[in-house]
Amino acid sequence: MAPLLQIGLLVLFAIVIFAIIGLEFYSGTLHKSCYSLEDIKIIIKEGEMATPCNSDNATAAPAGAYVCNYNQSTCIEQWEGPNFGITSFDNIGFAMLTVFQCITMEGWTAMLYWTNDALGSTFNWIYFVPLIVLGSFFMLNLVLGVLSGEFAKEREKVENRQEFLKLRRQQQLERELNGYVEWICKAEEVILAEERTTEEEKMHIMEARRRAAAKRKKLKNLGKSKSTDTEEEEADEDCAEDGYLKSKVKSQGRCKGFWRAEKRFRFWIRHTVKTQWFYWFVIVLVFLNTVCVAVEHYGQPKWLTSFLYYAEFAFLALFMMEMWIKVYAL
């Protein structure tokens, strides 16, 4: 189950990453549609479904965007969106659901056309091409590969168990046969010890014993030769070098003490950045940064927009500080 859990977490991670990117690109872009000039509440549909629009001015709209007919309709941002607003990138939940729909290749072309109508088709492919290539062609096939591998392992376990049961049954039969042979040998000893046994019968028993002993010796030598032919020698050598290049301390001049102190300080920084608590501190920062990016949604209050704006600079400063500390500790 461990490989399945790992690949599931990997797919979930890819969905979250693409959902966050889609949230930044397409949040609130699918709420514009063409409304009739006669009745502002009626949507002018393109075919059987309503479609997003960019504007009602053909000269101001980007290439590939849908433009409303200014004689019949106007582009207004009051539509709930495709599929009652579910297929959208307005928040992280709907974005993950939309990304999952796209990587299953079920209706992803409609999503592509809707975003083309809303924003234009010049740069829209930059998001959807990696989404389909990585998400659908790579991730889902990787899941299928792991499932196939797990089933192969289970089948191998069943086959090994069958071989084990077969070998145990064979050993049990051999023990029973050896007991039967011992019983026959004891019976032969009794027969040989009897006075009424003729010399011809004794010679026949001794000849049968010699043939049986020769046969057992031959089988034993054959088994030894097979075992020596199939034996392989393995040698594992573990060579681990735990060290790093140390900078030379300047031995001349009046800055000798300064360089020694700087060297000790750098070693302390290097030891600190390799500790477990520093690693988890960076992981927590990454998690908090991801949460701040993911909580952004369409129609959010102004205080949240301001908070996220300043939080981006704070996280940028922290990550830049981490980078320079690690570079200095090299």
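Predicted model: local features only at pLDDT ≥ 70, side-chain atom pairs only at ≥ 80, totals over all residues.
**Close-up 1**

**Close-up 2. Helix α1 from end to end.** This helix covers residues 2-26. Which residues of α1 are buried? They are I7, V11, A14, I15, F18, A19, I20, G22, L23 and Y26. As a reminder, an α-helix makes a turn every 3.6 residues, so positions three or four apart point the same way.

**Close-up 3. Where α1 meets α2.** The axes of these two helices come within 8 Å and cross at roughly 115°, and the crossing is right-handed. On the α1 side, the contact is built from L12, I15, V16, F18, A19, I20 and L23. The α2 side brings in I92, A95, M96, V99, F100 and I103. What classes of residue make up this contact? Sorted that way, there are 13 nonpolar residues, no polar ones and no charged ones. I15, F18, A19, I20 and L23 are among the α1 residues in this contact, and they also turn up among the buried residues of α1.

Close-up 4. E106 sits in the loop between α2 (92-103) and α3 (108-119). Is E106 buried or exposed? Its relative accessibility is 58%, so E106 counts as exposed, the cut-off being over 50%. In UniProt, an unreviewed entry lists E106 under "binding site".

Notes: Residues numbered from 1 in each chain as written. Heavy atoms only, no water. UniProt positions renumbered as here; feature names shortened; annotations may be inferred. Helix = DSSP H or I, 4+ residues; strand = E, 2+ residues; numbered from the N terminus. Buried < 20%, exposed > 50% of the residue type's maximum accessible area, 1.4 Å probe, protein only. Axes fitted to C-alpha atoms, helices over the stretch in contact; angles between N-to-C directions. Left-handed = near helix turned anticlockwise from the far one by under 90°. Contact = heavy atoms within 4.5 Å. Nonpolar A, V, L, I, M, F, W, Y, C, P; charged D, E, K, R; others polar.
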